[in-house]
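Me: Please take a close look at one helix pair in this model. I want the geometry, the residues involved and the setting.

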Amino acid sequence: MTVTKGLEGIVAAKSSISSIIDGVLTYQGINIDELAEKATFEEVAYLLWHGKLPTKAELDGLTAKLGDYASVPAEVIDGLRLYPKASNSMAALRTVVSSLALYDSEANDMSAEANYRKAVKLQAQLPTVVAAYARIREGKEPIAPKKGVSIAHNFLYMLTGEEPAQVAIEALDKALVLHADHELNASTFAARVTVATLSDIYSGVTSAIGALKGPLHGGANEAVMVMLDEIGSVANVEPYIQNKLDNKEKIMGFGHRVYKNGDPRAKHLMQMSRQLGELKGDMTLYDMSIKIDNLVTSQKGLKPNVDFYSASCYTMLGIPRDLFTPIFAISRVSGWSAHILEQYQDNRLIRPRAEYVGPVNQHYVSIEKRV
Ligand SMILES: CC(=O)SCCNC(=O)CCNC(=O)[C@H](O)C(C)(C)COP(=O)(O)OP(=O)(O)OC[C@H]1O[C@@H](n2cnc3c(N)ncnc32)[C@H](O)[C@@H]1OP(=O)(O)O
Ligand SMILES: O=C([O-])CC(=O)C(=O)O
């Protein structure tokens, strides 16, 4: 048996949703650079689910459905009120997504139509539950979603209760486009493993949220902000990072299993971080980030991944740092659900093997003889 630790380099599925070829990321063959500049997140979600960009009528239809499905059952919101206020926001999201299945009469209907509807429902409901939980834990009432506005707009509105600035809507929308899908990343793989047993889409997305939470995956964006807060000033970047490198500690937001010459999404977020800093008239976070980037790149040869500059962007948009990974989930649920639908279409149980390295030829010892 040959063991490939971490399944590095193993091709475990055929997929026509997104590709990483020679460091270039595409969704359905369209370069992410083009989508980041031109597409809205709703267009991207449609693209991932249907394999083509929507016509105006199709996009209007999807936007209407997202609006119709965005409300969350009152029982689910009441459940959020019972969670301890200090709960980890990804743990809360994982729990609430699992509970949404209990209130969906077609949760276990495995027809293609019902599964697609559930994908759209989950996409519509995740922003509502993230915003509702963020408000409830601050002792505020959740705000009902609006109809006819984008997910980025609705999320910022439900979070703050105020009409968001156009620049904030556009920045968040672009971040959602950039995070929507990424081939067979850990959370998508977790989703596919779960539904390959012919379990339901809610189970798949719950598994995916659990995988995304970890700091080696989506949880890194929050960890980057913890680091920026600890560093505190541009002057402190060099001693802080040098100390971490000397102690062989990982710098969050750097490195990638697949990209060795840089993550193509990072430059868009770097640019966004600079623009948001200029608008705010405070370049501290951007300047700190650039200095960290230069140091880590020159000393370790490691480039920033999608999680590095998103941290400063979200902070400059006024978003609390423990909502960064839930925002990743709000975007990635489009990709997770697209992969789940793809898995159902040509399913085979995912069940690899393990090389056994434990003891052999052992015997049962009765409890009184054990030491
Ligand atoms: C959306 C996403 O999920 S993107 C990834 C988000 N995660 C992070 O940013 C966390 C920090 N980064 C990492 O932990 C890793 O780079 C990962 C998990 C992303 C990729 O891991 P792997 O493909 O397993 O790479 P691996 O850990 O083997 O790294 C190779 C070498 O670079 C080092 N390295 C990798 N990333 C970092 C880092 N961020 N800081 C310092 N050193 C690093 C490793 O220690 C290892 O060194 P060694 O060969 O001396 O042992
Ligand atoms: O693909 C990966 O390994 C992790 C990642 O960058 C993502 O999920 O966007």
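Reply:
**A helix pair and its setting**

The crossing of α8 and α15 is left-handed (the near helix is turned anticlockwise from the far one by less than a right angle). The contact uses A171, A175, L178 and H179 from α8, and V306, S310 and C313 from α15 (contact: C-beta atoms, placed from the backbone, within 7 Å). By class, this contact has five nonpolar, two polar and no charged residues. Ala, Val, Leu, Ile, Met, Phe, Trp, Tyr, Cys and Pro count as nonpolar, Asp, Glu, Lys and Arg as charged, and the others, Gly among them, as polar.

This is a predicted model: local features need pLDDT of at least 70, side-chain atom pairs count only at pLDDT 80 or more, and totals for chains, interfaces and linings use all residues. Residues are numbered from 1 along each chain as its sequence is written, while chains are lettered from A and ligands numbered from 1 in the order in which they are written.

Helix α8 covers residues 166-179 and α15 covers 306-316. Both are DSSP runs (H or I, at least four residues), numbered from the N terminus. Their axes come within 12 Å and cross at roughly 165°. Axes are lines fitted to C-alpha atoms over the stretch in contact, with angles from 0 to 180 degrees between N-to-C directions. The two helices are therefore roughly antiparallel (over 145 degrees).

Now the setting. The chain divides into domain 1 (18-214 + 323-345) and domain 2 (220-316), with bounds from an automatic or database domain assignment. In all, 17 residues of domain 1 are in contact with 18 of domain 2. On the domain 1 side, α8 gives the largest share, six residues.

Definitions and conventions
Angles under 35 degrees count as roughly parallel, over 145 as roughly antiparallel, 65 to 115 as roughly perpendicular and the rest as oblique. Two residues are in contact if their C-beta atoms, placed from the backbone, lie within 7 Å.
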